[in-house]
Amino acid sequence: MMRLALGTLRRHRGAYLGSFLAAFLAVALLAGAGLLLFSVLTAKPPADRFAAAAAVVSGDREVTLTTTKKKKKNKVKSKTKSERLTGAGTLPADLAGRIAAVPGVVDAVADYAFPVVFPVRGEDDAPVVGHGWASAALTPYTLREGRPPAAGEMVIDADLAARGGLSVGDQVQITTRTGVRSVRVSGVAAPDGRDGLAAQGALFLADRQVPAVSGLDGPTAIAVLAEPATDLAALRAVAGDAPVFTGADKVRGDLPGALPDYIGPISIFGFTIGITAFAAVFVLTGTVALGVRQRLRDLALLRTAGATPGQLRRLLGLESVVLAAVAAVPAMPVGVVVAGLVAARFRALGAVPAQFTVAFNVPVLICAAVAGVLVTFVAARIAGRRAVRIAPTQALTETATAPRGGMLVRVVAALVTAGGAVAVLIFVPLGGPLGMGMSFVSSALLLCAVAALGPVLARGLTAVVGRVAALGGVTGWLAGTVARAESRRVAAVAVPLVLMFAINATMLLNSSLLGELTGDEHAARSAPATAQVTGPGGLPLSVAGDLAALPGVTGAAATLPTRAIVAQGGKPEDYPSQGLFTAGREAAIDLDVRDGQLGGEGTFAASAYLVEQHGWRVGDEVPIWLADGYQVTLRLAAVYQRARGFGEMALPADLVAAHDPRGLVAAVALRYDGDVAAGIHQRWPALRVTPAVAAARAGDAQNQQGAWELMVVISLGFAAIAVVNTFAIAASSRRREYADLRLAGATAGQVHRMATREAAITVTVGLVLGAAVTAVVVGAFSTAQDGIFRLIVDPVTYGGMLAGIAALGMAAGALPIRAVLRRRDLPAVADDH
Amino acid sequence: MTETVVEVIDVTKSYAGGAGVRALDGVSVGFATGTFCAVMGPSGSGKSTLLHCAAGLDRPDSGRVLLAGQEISRLREPKLTEARRRRVGFVFQSYNLMDSLSVWHNVLLPQRLAGVRPDRDWAREVMRRVGLAGRENDRPGQLSGGQRQRVALARALAGRPEVIFADEPTGALDISAGREVLALLRDAVDGFGDLGSRSGERSGTAVIMVTHDPAAAAWADRVVFLADGRIVTELADPTAEKVAAQMTAVSAR
């Protein structure tokens, strides 16, 4: 059996090239995505800020909710769900003293960590974190020059000093949520053997000044210096609810912004693996099926020689395993390269932290290879399920045909997948954060339905398109008739085109629709404002208050981007939100409030989407966790519509400023008459006054951007392989048909024209089906966004995709035939026997 | 007096590879209008090559081929195809029908490709004569081998060719199906009793048939024997026995 499998593979090299390429691509992508996933899952925090400490007592870093449900038989089921905070919770200020009193503890050092806007950022755009000088010993940072900071002074790390060209004695302006200060550099410090820590620049202020500058009411962490045999249980008892970390976990006590966040990338790379597997099964089934069709006569001959369908099935399976195993060998190193390229792109997009590197791991590569082999095997099983039952007598006929039938399976598969797609489109609120992902899922399901019903759909469409083609003379007629008769072949070639068009069109159109809507909403939101005031890295809330109080200003609205958590069904859910400060008698921001009224002590506003999700009503008291885990209960005062690019909640600005460690205003919208701008320039030279600023990108924008790019590239790669390959197989297996045509009196030119027209029919069928899938998904998505049904969304993108895919399809259809049949050739009478 | 429809003059043809074997070595032969000529010879004698060169399916290395007075040996594609489809019909062992077209469309295909309005009445008449009236909408795949070969013959005849080239037309058929096809070829030469002609004149086409079967050759008016790329002898008014005896003699050389 093995020898036979190897023999057929060698003999039908051409037919298997496509499957080989697809298997190669599948393994390479699975290996790449697998390595990336492995790397993000095992990524070590870049540096241990608390290396010198034995243990770290940390403030809250996540919100955890526990729900208990009583079930039958007195069983109680409790579920615990948590959501990470974007800020850091604080500890009681006196806790350090109590910890220091625990036996064996040498010292307890409080760390007040807070983000600072500094003229330069750290290595790879790392944020700059401020601390008190006492906590420098925890890493430890030691002075290279200068002296420890006194009031109004600071020590910066050597890396920041080099980047900013700063030296002892320089005055530097720093911004925190409490204001802008000019601070003198009193010294330069560095950890052992390095200029600074990876992923965070450090700045140390005099300890006395820290609470005032940071706005913190307590330390974000307390590092414990202890003798080796210290009793951790006693420490935990003193710490109470606050978690105590030791070993590698100590970094979890660091400021969240200084720690890499891999939640987004983990889901992206996991998703990538899923999509790759889907596309691979999809494309491999098609190419393997075509390869099997080419060899029907062979299979029939084997049946005559006494092979049972089971043996043929094993033969096909073995062939596919050998093929995929051979493809996996070069694919694994390519996977490593792919992982590197994707990581580079994601770093550039900011979807992974700058210091992220790809870990090399052999077991992951082997798993990818095994998965690729399995997928190819499954594809071969699907493709060969009916072919192996070919009747032995088919070997004796001129053109072997696979047993027909299997229609029921196809119809059932199509109904199930199409039903799933419709269910997703109807029941999932596409207007929400899941919209993009779910529209992808529904288009993938619809694609499966199209693939299952491919021959039937192709037959119907070729009947129509073929008739149109027949108007173009005898070659058009011939192309139409042949295409109609060979609808399976048309379907095999058209389905990859459908895949390519539908996946990419839905993703691109939906995201461009979202971008457009976000831009529109942002413009509408800021329409009332005369100008937007922004500062480098943001401005303190107090400045926004001063701006609002300028003479001539009739209205002001300051926004502080943050994230806030609300509970939904016992699960804390994190939403992009804004701290909103409004002043003046005229509104400077128009959120399109549908219900209630903005403003008022202890109130917040929420988007219509969020209100609908949670079933809130104006006047409801809602518990909300702010960025540092501080829980506050606010009354819902207003429901607004224009949430895109803004956030789902508008919270009191002072609350956000106090509880988001960054807590800076991103932009102040001002409404004024007269020459207010000149006054602002004079008083705050660093601020910019512009008529409008671009919409803030939604929180996960860079992650999504990376994910979509990755998906578009993957599906384009697979589909291009599938298209070229299926066309090439279809064209080369038709040598004989072309020879017959030549004998019947067709010139080579006529055969070329026929083939070109056939390709045109096939491409048209593919694009029509692709456009249909796209129309359903984009139409539903668009309707869910703002009630307007759109099909094309972006004519340039749409037209470009149509033209690009048509060009690829036409080239793939016409070129292989040109290679088979040259214009000056005589008819080949060498009848293949 | 009959005129010559295909004239092969001093044609040489070698194939690359196989140490440059000469398939045809200075062959000259003429085929008259309205006659049925069989070409015989042992395997590798060059009979198929002769047929291909005479039909314009292959280009001789030297020498000339006249098809109805037109020199075709130096024509280039697509002129060659145009000349061929105007004057020639083919019936090959492997039928060479388009599987994706119906029988009727197969029959009309050469005329459509030539861009002329198909003579549907004549095509229907031809279908009737080959005994396939009523099967027009079937696919070739649904027919038996003998029926398929009759479709191929109907296709060749539908274009009113001056000459039909047949390469082992009965090679894949059983004896009775083969006999039917040969009888139809014979009828075509004899002008179907002149029923199909537009004018009163004799309309029979010439048939040039390569075969290795003496019984098939016996249907011809004349048999040409080839060996080693040369014409060695020919036989008029053949019978199966005479042909078989001659073949044995030729093969023994």
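In helix H4 of chain B, the residues B:Trp122, B:Ala123, B:Val126 and B:Met127 meet B:Ala154, B:Leu157 and B:Ala158 in helix H5 of chain B, where contact means heavy atoms within 4.5 Å. By class, this contact of H4(B) with H5(B) has seven nonpolar, no polar and no charged residues; here Ala, Val, Leu, Ile, Met, Phe, Trp, Tyr, Cys and Pro count as nonpolar, Asp, Glu, Lys and Arg as charged, and the others, Gly among them, as polar. This is a predicted model, in which local features need pLDDT of at least 70 and side-chain atom pairs count only at pLDDT 80 or more, while totals for chains, interfaces and linings use all residues; side-chain values use heavy atoms, with hydrogens and water left out. Residues are numbered from 1 along each chain as its sequence is written, and chains are lettered from A and ligands numbered from 1 in the order in which they are written.

Two packed helices are described by the angle between their axes and the distance between the axes. The axes of H4(B), residues 120–129, and H5(B), residues 145–158, come within 9 Å and cross at roughly 145°; axes are lines fitted to C-alpha atoms, for helices over the stretch in contact, and angles run from 0 to 180 degrees between N-to-C directions. Helices (H or I, at least four residues) and strands (E, at least two) are DSSP runs, numbered from the N terminus. The crossing of H4(B) and H5(B) is right-handed, a crossing being left-handed if the near helix is turned anticlockwise from the far one by less than a right angle, and right-handed if clockwise.

Among the buried residues of H3(B) are B:Trp104, B:Asn106, B:Gln111 and B:Arg112. Just after H3(B), B:Gly115 takes a positive phi of about 80°.

Chain B also holds an open sheet of six strands, with the order E6-E7-E8-E3-E9-E10 and mixed pairing; two strands pair if DSSP finds at least two bridges between them. Strand E6 (88–92) and strand E10 (230–236) of chain B stand at the edges, each with a single partner strand, so one side of each is left without a neighbour in the sheet. From one strand to the next, the twist averages 20°. Strands E7 (residues 163–167) and E8 (residues 206–210) of chain B run parallel and are joined by five bridges, and the bridge partner of B:Ala166 in E8(B) is B:Met209. Helix H2(B) lies across E6 and E7 of chain B, running at about 85° to E6(B).

Most residues other than glycine have a negative phi, and most peptide bonds are trans. B:Asp10, in strand E1 (residues 4–14) of chain B, has a positive phi near 50°, and B:Asp10 is partly exposed, with a relative accessible area of 44%. Phi of B:Ala68 is also positive, near 50°; B:Ala68 lies in the loop between strands E4 (62–67) and E5 (70–71) of chain B. In chain A, a cis peptide bond with omega of about -5° joins A:Thr139 and A:Pro140.

Chain A has its own open sheet, of four strands in the order E4-E12-E1-E13 with antiparallel pairing. Its edge strands are E4 (105–111) and E13 (244–246) of chain A, each of which pairs on one side only. Six bridges join E4(A) to E12(A), residues 221–226, and A:Ala108 stands opposite A:Val224 in E12(A). Helix H6 of chain A (residues 232–239) packs on this sheet, touching E1, E4, E12 and E13 of chain A, and the direction of H6(A) makes about 145° with that of E13(A).

Another helix pair in chain A is formed by H9 (residues 309–349) and H10 (residues 362–384), whose axes come within 8 Å and cross at roughly 145°. H9(A) passes H10(A) in a right-handed crossing, and the residues of their contact divide into 13 nonpolar, five polar and two charged.

Conventions: Buried < 20%, exposed > 50% of the residue type's maximum accessible area, 1.4 Å probe, protein only.
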